[in-house]
Amino acid sequence: MHLMMDDQGGNNAVTREYRKGNWTVNETMVLIEAKEMDYERRMKRSGDHSEGRNKPTELRWKWVEDYCWGKGCLRSQNQCNDKWDNLMRDYKKVREYQRKVAEREGNDSKQRSYWEMEKNERKEKNLPSNMLRQIYDRLEEVVEKKGAQTVAATAGGGGGSDPNITNLPYVMDRPMVSTFQPSLPPLLQHQLSAPIPAAIPLPLPQASPQLPPPPAPIIQPPPLSYAQPLPTIDV
């Protein structure tokens, strides 16, 4: 595959013939080194808002391609991008599996380390079948270094993180306080700067006096019957 490329002046054209096929171990190690150097380069220039980490992704991978070509890795920026995504995907799977194995060591677990398994056993566990130990260790070194630098930059106000690295801790050693001060007339500024007096407690309402209960109603006895028997008349 060929690609025509212009230099910065746009005057001369350079033809690059990219290598195809599987990546060699040496090419992979060069790519990891290129990503490490690219991240350090962007971290050092992060103070300049016109450059550094604010550059488009295409320009970052163009820099990675140029670095790889200088080391004899004749791959395009798209090839480098795809290979890096695959490396990080496989690395995260192996790292998570190794973490679970380490947690179960004290429980008499018979689960073996990734490096002790054959390729077919790795496939059965949905793990990468051909991750090399030297590549894994190199990726782990770069990821840990990048994580420490990202945490330091975040704590120092540098901000930003790499989307390929997950679960990075973020440090905040002081609460964020807004420094925005709106412009107010002198009279209002004086009123706002004056201390606010303490609140005066309101008197509690007094309970109304208890009235004596009403007297019980007087029950009148039923009226007495004064009917007298009528006199009898003799006939």
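Which residues in helix 2 meet which residues in helix 3? On the helix 2 side they are Glu 58, Trp 61, Lys 62, Val 64, Glu 65 and Cys 68, and they meet Gln 77, Cys 80, Asn 81 and Trp 84 in helix 3. Contact here means heavy atoms within 4.5 Å, and helices are DSSP runs (H or I, at least four residues) numbered from the N terminus.

A word on the model: it is predicted, so local features need pLDDT of at least 70 and side-chain atom pairs count only at pLDDT 80 or more, while totals for chains, interfaces and linings use all residues. Residues are numbered from 1 along each chain as its sequence is written, and side-chain values use heavy atoms, with hydrogens and water left out.

| Pair | Axis separation | Angle |
|---|---|---|
| Helix 1 (residues 25-44) and helix 3 (residues 77-103) | 11 Å | about 90° |
| Helix 2 (residues 57-70) and helix 3 | within 8 Å | roughly 100° |

Axes are lines fitted to C-alpha atoms, for helices over the stretch in contact, and angles run from 0 to 180 degrees between N-to-C directions. Helix 2 is therefore roughly perpendicular to helix 3, a label for angles of 65 to 115 degrees. By class, the contact of helix 2 with helix 3 has five nonpolar, two polar and three charged residues. Nonpolar means Ala, Val, Leu, Ile, Met, Phe, Trp, Tyr, Cys and Pro; charged means Asp, Glu, Lys and Arg; the others, Gly among them, are polar.

Helix 1 brings Thr 28, Leu 31, Ile 32 and Lys 35 to Cys 80, Lys 83, Trp 84 and Leu 87 in helix 3. That contact divides into five nonpolar, one polar and two charged residues.

The side chains of Lys 145 and Glu 36 meet at 3.3 Å, N to O. This pair links distant parts of the chain, with Lys 145 in helix 5 (residues 133-155) and Glu 36 in helix 1, 109 residues apart. The whole structure has 17 salt bridges.

Methods:
Helix = DSSP H or I, 4+ residues; strand = E, 2+ residues; numbered from the N terminus. Salt bridge = Lys/Arg side-chain N within 4 Å of Asp/Glu carboxyl O. Parallel < 35°, antiparallel > 145°, perpendicular 65-115°, else oblique.
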